[in-house]
Amino acid sequence: MASIIENLITELNDEYALYEQLLQVSMEKTGAIVSNNLDRLSETTEKEQRLADALASVEHRRRETMTNVANILGKRPDDVKVMDVVTFLEGQPEFHDPLLAINEKLAKLARKVREVNGHNQNLIQDALEMIEYNMMQNLNRAPETAEYSKEMFKSNAAYAGGADVPGRFDVQN
């Protein structure tokens with residue numbers, strides 16, 4: 001069990017390091033959005049995706065470790081959370097304390113990442129609404145075209161290109 005708990009602590013530390021990087025990239029993304037720098041926004045989005053892939057890998061390893069812990073405890077893997085393991089290890093401070101510390105740090109950091117990403121999402125939504133507003137304003141300012149009525153064409157043969165106007169719309173002349 002000791003090696004499994006050590007693996008869990010290592011995986012949570014790895015996850016924490018990746019979330020720190022993700023927070024930094026998310027904050028860079030905020031700057032790119034605010035400054036309307038599409039190249040920088042694209043770069044930060046690519047960085048975010050690479051970090052998300054790395055996080056998925058670490059999370060997968062952590063879930064496997066938690067499955068092993070659940071099996072040892074005789075519980076279903078979905079029913080065991082890190083705090084359950086912390087509670088189980090209360091009499092073993094060498095495992096309890098570091099596991100509790102990294103779990104709390106990770107939870108706090110994950111909340112901060114969600115907060116920054118939510119802010120970025122709001123900024124992007126605001127930018128999209130501004131673009132839509134500007135497009136509608138430009139459409140409303142479009143020059144009006146002349147309006148023609150049927151009567152105009154009927155009343156004056158010159159406008160209608162009638163036969164009495166030589167050379168008008170007649171390709172044979």
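Predicted model: local features only at pLDDT ≥ 70, side-chain atom pairs only at ≥ 80, totals over all residues.
Student: Which helix has the highest mean pLDDT, and which the lowest?
Tutor: Helix H1, residues 2–34, has the highest, at 96, while helix H6, residues 157–160, has the lowest, at 50.

Student: Let's look at one residue. Why is Arg62 called buried?
Tutor: Its relative accessible area is 17%. Buried means under 20%, so Arg62 counts as buried. You will find Arg62 in helix H2, residues 38–73.

Student: What is Arg62 in contact with, leaving aside neighbours within four places in sequence?
Tutor: Arg62 is in contact with Leu8, Glu11, Leu12 and Glu15.

Student: How do you know that Glu15 and Arg62 form a salt bridge?
Tutor: Their side chains meet at 2.8 Å, N to O. The cut-off is 4 Å between a side-chain nitrogen of Lys or Arg and a carboxyl oxygen of Asp or Glu, so the pair qualifies. This bridge links distant parts of the chain, with Glu15 in helix H1 and Arg62 in helix H2, 47 residues apart.

Student: Is Glu15 buried or exposed?
Tutor: Glu15 is buried, because its relative accessible area of 5% is under 20%.

Student: What makes Glu59 and Arg63 a salt bridge?
Tutor: Their closest N and O atoms are 2.6 Å apart, and the limit is 4 Å, so this pair counts too. Both residues lie in helix H2, four residues apart, about one turn of the helix.

Student: Why is Arg63 called exposed, and why is Glu59 called partly exposed?
Tutor: Exposed means over 50%, and Arg63 has a relative accessible area of 52%, so Arg63 is exposed. Glu59 has 25%, which lies between 20% and 50%, so Glu59 is partly exposed.

Student: How do you know that Lys112 and Glu115 also form a salt bridge?
Tutor: The N to O distance is 3.7 Å, within the 4 Å limit, so these side chains form a salt bridge. Lys112 and Glu115 both lie in helix H4, three residues apart. By this rule, the count comes to seven salt bridges.

Student: Now the inside. Which residues have the most contacts within the largest nonpolar core?
Tutor: They are Ile5, Leu12, Tyr19, Val85 and Leu99, in a core of 29 residues. H1, H2, helix H3 (82–88) and H4 each supply at least two residues of this core, and the largest share, eleven residues, comes from H1. Nonpolar side chains tend to be buried together in soluble globular proteins.

Student: What does Tyr19 touch, not counting residues up to four places away in sequence?
Tutor: Tyr19 touches Leu55, Leu106, Leu109 and Val113.

Student: Why is Thr30 called buried?
Tutor: At 17% relative accessibility, Thr30 is under the 20% cut-off, so it counts as buried. Thr30 is found in helix H1.

Student: Which residues form a nonpolar patch on the surface?
Tutor: Ile124, Leu128, Ile131 and Met135 form it, with about 370 Å² of accessible area together.

Student: Why does Met135 count as exposed?
Tutor: Its relative accessibility is 51%, and exposed means over 50%, so Met135 counts as exposed. Met135 lies in helix H4, residues 93–140.

Technical notes. Residues numbered from 1 in each chain as written. Heavy atoms only, no water. pLDDT = per-residue confidence, 0-100. Buried < 20%, exposed > 50% of the residue type's maximum accessible area, 1.4 Å probe, protein only. Contact = heavy atoms within 4.5 Å. Patch = residues over 30% accessible without salt bridge, like charges linked within 9 Å, V, L, I, M, F, W, Y side chains within 5 Å. Areas by Shrake-Rupley, 256 points an atom, 1.4 Å probe, with all protein chains shown as cover. Core = buried A, V, L, I, M, F, W, Y, C linked by side-chain atoms within 4.5 Å.
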